[in-house]
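Take a look at the fold below.

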Amino acid sequence: MPSPHPVKTAFQGERHYLTRGTAAYRRASMALFLSGFSTFSLLYCVQPLLPIFSQEFSVSPAESSLSLSLSTGFLALAIVCAAAVSEGLGRRSLMSISLLGAALLTIATAFAPNWQLLLVIRALQGLVLGGVPAVAMAYLAEEIDPRGLGATMGLYVGGTAFGGMSGRVLTGIFAEYHSWRPALFLIGAIGLAAALGFIALLPPSRNFVRRPGFDPRFHAKAWLGHLANPVLPFIFAIAFLAMGSFVTIYNYAGFRLVAPPYGLNQTELGLIFTVYLFGIGGASIGGLIGDRIGHFSVLLFGLALTAAGTALTLTAALPSMILGIIVLTAGFFLSHSIASGLVGRLAHGTKGHASSLYMLAYYVGSSLMGSAGGWFFAINGWAAVVAFTLVLLTLAFISACVAQRLAREKT
């Protein structure tokens, strides 16, 4: 196995990066793909089961959605703490514990005897999963050669897209022919296998320096330091706005497609999640192109592509509607892979803290903007949702332009 490539900088001393083409680089890339896949399949696997939960546990549709919203809410909170914990526990150790714990909790969900316990387990699952997203980006930024970081980050984001698709599609189909309990058990078992594969493949950290104990002042200073960085807050804004727009479209497209003139059934609607495959391609290709022609250029293109796809969904024809969803999905994941990689490039030290702020903005945008889109849908239907989403994407595009200018001024 070729040894990692040592790089010496004035500020960091000698750093032993994993370089493209080596076995260790390939192992790290595949491990992070598995972590993204496992995290998002376990997180979103309950989404197609909400009507089943409502019927079986005699709860309202709004109450049934708590099985997802509690997980994402606790995930957002946990992400902030995960970076601090990983400084003492270690990146690899925290991610391993998180993936194993979340998979086992998903299996436990399959045996929940009542609605209250199911919600408790799902909340705990979100809390546990917080150890993966922010820390994964920090690991990549610390361990991967910057010349190959975009490609690896793209593969990780591609794993999240594949996991988000698989969790929704597999659970929905399996539950239709069996029941929701075996479906969740299956997803939990797949997540457990992915966690074990992650542990076996991921190389130990070489550039991470453990900080024993917990120093609140250190962590507060780290977070405030990243917020004081002139560029990073605009990258965090992009995460908030782009994810908010993406979730808004997916939240309310279903309402449009089950109504006339489309009248899709639940199976047909669920299969639309297979367009996440285009997100995998967008994330992977975006990272590779960004390493070659410039990350901000690809980021701006991805946001413009997301907006174009969103506008295309206004057409009445079903094929055009689905094509619009495909285009905006590819554009969003392309943008997300580039923006998340820029956090690692632009952060000065404590990259885990910077990543946690990015992911916090990402999930808060999902929660707040995804809910706000419902107000627009109630006012004027799909046209209002698209208008709202295009405003968010315009603001994200402006944020990217400002971040690009500020980054150039710093170099």
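## A helix pair

Helix α1 crosses α5 in a left-handed manner. The model is predicted. Helix α1 covers residues 23-44, and α5 covers residues 91-109. They pack at an angle of about 35 degrees. Their axes lie 10 Å apart.

Which residues of α1 and α5 meet? From α1 come Ser 35, Ser 38, Thr 39 and Leu 42. From α5 come Leu 99, Ala 102, Ala 103 and Thr 106. By class, this contact has four nonpolar and four polar residues, and no charged ones.

With 3.6 residues a turn, residues three or four places apart point the same way.

## Helix α11

Helix α11 runs over residues 232-258, 27 residues in total. The distance from its first C-alpha to its last is 40 Å, close to the expected 39 Å. Helix α11 also has a kink of about 30 degrees, centred on Tyr 252.

Of the 27 residues in α11, 20 are buried, so the helix is largely enclosed by the rest of the structure.

## Helix α15

Helix α15 spans residues 318-346.

## The whole chain

The protein chain holds 16 helices and two strands. It has 411 residues, and 56% of them are buried. Among contacts with a separation of 6 or more, 81% join residues 24 or more positions apart.

Definitions and conventions:
Residues are numbered from 1 along each chain as its sequence is written. This is a predicted model: local features need pLDDT of at least 70, side-chain atom pairs count only at pLDDT 80 or more; totals for chains, interfaces and linings use all residues. Side-chain values use heavy atoms; hydrogens and water are left out. Axes are lines fitted to C-alpha atoms, for helices over the stretch in contact, and angles run from 0 to 180 degrees between N-to-C directions. Helices (H or I, at least four residues) and strands (E, at least two) are DSSP runs, numbered from the N terminus. A crossing is left-handed if the near helix is turned anticlockwise from the far one by less than a right angle, and right-handed if clockwise. Contact means heavy atoms within 4.5 Å. Ala, Val, Leu, Ile, Met, Phe, Trp, Tyr, Cys and Pro count as nonpolar, Asp, Glu, Lys and Arg as charged, and the others, Gly among them, as polar. The expected span of a helix is 1.5 Å times one less than its number of residues. The bend at a residue is the angle between axes fitted to the seven residues ending there and the seven starting there. Buried means under 20% relative accessible area, exposed over 50%, partly exposed in between (1.4 Å probe, protein chains only).
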